[in-house]
Amino acid sequence: MTDSIAISNDDLDQPEDRFSRFRLIGWWDQKRLASAKALVVGAGALGNEIVKNLALLGWGNVLIADLDRIENSNLSRSILYRARDNGRPKAEAAAEAAREIWPGINAAPFQGNVVYDLGLGAYRWADVVFGGLDNREARLAINRACWKFDTPWVDGAIEQIQGVARTFVPPGPCYECTMSEVDWELLNRRRSCNLLTRGEMETGKTPTTPTISSIIAGVQCQEGVKLLHGMESMAGEGWTFEGVSGDSYRIQYQRKQDCLSHEPFDDVVELSLPSTSMTVGDLYAEARRLLGSPHVQLELARDVLENFICRSCGEEEYVYASLGGVTYDRSLCPNCEGVRRDFRTFYKLDGDRILDKTPREIGVPSFDVITARVGDRSVGLEFTADARETLGSLVGGEEEIAWS
């Protein structure tokens, strides 16, 4: 169905450029799209369709985050990949393909696990986050990161020939608000597999088709366009498509007052020093100055593995690494064959032992944001100087690093 749209003389006088047909839409703002920033998490079947759509729309800046490499099975469901790409990082190949679709797009790859490797600053940088994921742990991490900075995100999920697109906009209902007891049980089961290789933590392969990917990703990108233009979106709702019957319907979610994701920062301070040179002691001093109190607590966004302790031989090894990046093999005692060592973790930066260490030395990823808390007040300390390391070409000259 086509609605009649009044077109002004100014619209008719515009040159027939790449995006001229979009401008025939009365409310369309191509300049807004050209300056927009998107974080696409996942470069599989859904992520491919999202990135393709963003490039066709003229979305200006896109960070593509994915851990995996391309396999043969990806080729039947991923429009951006070719047989010659087998073995390449998905994020890298997707960013390259996006530039081939539209040379004007600034697309950069991030190869890593979004739960453990991607600093929270990427969520503050983005105007909209798009999720093309297949596990609850990553969705929950994205959700909590977005809520810290009031960043909207659009989640997609597919299986066989059915799928759902969900739009979450602070301060309304969020992804965590939708989680059932079964969701939490499955998530906790996954989290209980600490110190496993990332490959072993995968829950299996989800059967999907390229047709459902294109449908759900199309709705996700349409929601992103509406959010950019300040239009009414499906915020706090899910749009479900049943491929077998062809039916679709919308679900309205309810906001849970006690939801742990609803913890936005009161303020975010951009630090001038990178996370490789500023020490934890320096962070404490800055936090005390900013919050005007000596009773400051610094908190990380993820658990850090402090040390291993062997019950058999008593040997202790200090590690200081993100818990998610430590494998099962690392937990085995080098002195006692087959003995798995106990370990300690932390997320609060307590103890004199780490005051002289840099955040990077204790497992904090590049471009992360550390929480400084006094009572009910929380301030985010962002390692803005790390931005280029994470965002790559999405950051221009030094003057472009501070975007708030």
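1. Strands β7 and β8 form a hairpin with 4 residues between them. Gly246, in the turn, has a positive phi of about 80 degrees. The model is a predicted one: local features need pLDDT of at least 70, side-chain atom pairs count only at pLDDT 80 or more, and totals for chains, interfaces and linings use all residues. Residues are numbered from 1 along each chain as its sequence is written, and side-chain values use heavy atoms, with hydrogens and water left out.

2. β7 covers residues 237-242, and β8 covers residues 247-252. Strands here are DSSP runs of E with at least two residues, helices are runs of H or I with at least four, and both are numbered from the N terminus. The two strands run antiparallel and are joined by 6 bridges. Two strands pair if DSSP finds at least two bridges between them. Glu242 has Asp247 in β8 as its bridge partner.

3. β7 also pairs with β6 (residues 162-168). That pairing is antiparallel too, with 5 bridges. Arg166 stands opposite Gly238 in β7. β7 is mostly covered, with 5 of its 6 residues buried. Buried means under 20% relative accessible area, exposed over 50%, and partly exposed in between (1.4 Å probe, protein chains only).

4. Helix α3 spans residues 45-57, 13 residues in total. From first C-alpha to last, α3 reaches 19 Å, close to the 18 Å expected at 1.5 Å a residue. The expected span is 1.5 Å times one less than the number of residues. α3 is mostly covered: 11 of its 13 residues are buried. Among them are Asn48, Glu49 and Asn53, along with Leu46, Ile50, Val51 and Leu54. Just after α3, Gly58 takes a positive phi of about 85 degrees.

5. The structure holds 14 aromatic pairs. Rings of Phe, Tyr and Trp (its six-membered ring) pair if their centres lie within 6.5 Å; planes under 30 degrees apart count as stacked, over 60 as edge-to-face and the rest as tilted. Trp153 and Tyr175 are edge-to-face, at 6.3 Å centre to centre with 70 degrees between the planes. This pair links distant parts of the chain, 22 residues apart: Trp153 lies in strand β5 (residues 153-159) and Tyr175 in helix α7 (residues 175-178). Trp153 counts as buried because its relative accessibility is 0%. Tyr175 is buried as well, at 4%.

6. Tyr320 and Phe346 make another edge-to-face pair, 6.4 Å centre to centre and 70 degrees between the planes. Tyr320 is in strand β11 (residues 316-322) and Phe346 in strand β12 (residues 342-348), so the pair ties together parts 26 residues apart in sequence. Tyr320 is buried at 8% relative accessible area. Phe346 is buried at 14%.

7. Two further ring features deserve a look. Phe19, Phe22, Trp27, Trp28 and Trp102 form one aromatic cluster. The charged end of Lys148 sits over the ring of Phe265, 5.1 Å from its centre. The criterion is NZ of Lys or CZ of Arg within 6 Å of the ring centre and within 35 degrees of the ring normal.

8. On confidence: mean pLDDT is 90, and 90% of residues reach 70 or more. pLDDT is the predictor's confidence in each residue, from 0 to 100. It stays under 50 over residues 1-13, which have 5 contacts beyond four places in sequence. Contact means heavy atoms within 4.5 Å. Residues 397-404 also stay under 50, with 16 such contacts. Where pLDDT is low, the predicted coordinates should not be read in detail.
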